[in-house]
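Colleague: Hi! Could you walk me through this one?
Modeller: Happy to, here it is.

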Amino acid sequence: MKPRANDIGQHLVKLRLNRRLTQEQLAAKLQISGSNMTRQVIANVEARRRRVYEHQIRLFVKVLRCSFDELFLGAPPEQKSSLSPHSRPQRR
């Protein structure tokens with residue numbers, strides 16, 4: 001079975017909709033950030049008909065203000081512990 005390359009389509013849809021953006025609005029934000037992606041390109045990425053390159057992935061993360069984990073795995077980043085690195089848990 002051939003592995004799927006950069007399969008972010010379904011997660012991109014969720015992130016875009018969570019931010020209440022249309023494909024057209026996302027394309028405009030990406031273009032302002034220096035990309036030449038159009039609404040059609042975004043539609044093809046979401047439908048898994050188009051590969052996404054590294055520089056485009058970085059722009060998606062920047063524009064959508066998400067983590068790479070959210071974009072690739074659909075999961076928010078792990079919550080960091082409330083303990084500081086220098087504190088110790090109390091013993092009972």
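Colleague: Which residues touch the most other members in the largest nonpolar core?
Modeller: Those are Leu12, Leu26, Leu30, Phe60, Leu64 and Leu71, out of 20 residues in that core. A nonpolar core here is a set of buried Ala, Val, Leu, Ile, Met, Phe, Trp, Tyr and Cys residues joined through side-chain atoms within 4.5 Å, and buried means under 20% relative accessible area with a 1.4 Å probe, protein chains only.

Colleague: Which helix gives the most to this core?
Modeller: α4 does, with six residues, while α1, α2, α3 and α4 (54–64) each supply at least two. Helices are DSSP runs of H or I, at least four residues, numbered from the N terminus.

Colleague: Before I go on, what should I know about the model?
Modeller: This is a predicted model, where local features need pLDDT of at least 70 and side-chain atom pairs count only at pLDDT 80 or more, while totals for chains, interfaces and linings use all residues. Residues are numbered from 1 along each chain as its sequence is written, and side-chain values use heavy atoms, with hydrogens and water left out.

Colleague: Thanks! What does Phe60 touch?
Modeller: Beyond residues up to four places away in sequence, its contacts (heavy atoms within 4.5 Å) include Ile8, Leu12, Leu26, Leu30 and Leu71.

Colleague: And Ile8, buried or exposed?
Modeller: Buried, at 1% relative accessibility. Ile8 lies in the segment before α1 (9–18).

Key:
Buried means under 20% relative accessible area, exposed over 50%, partly exposed in between (1.4 Å probe, protein chains only).
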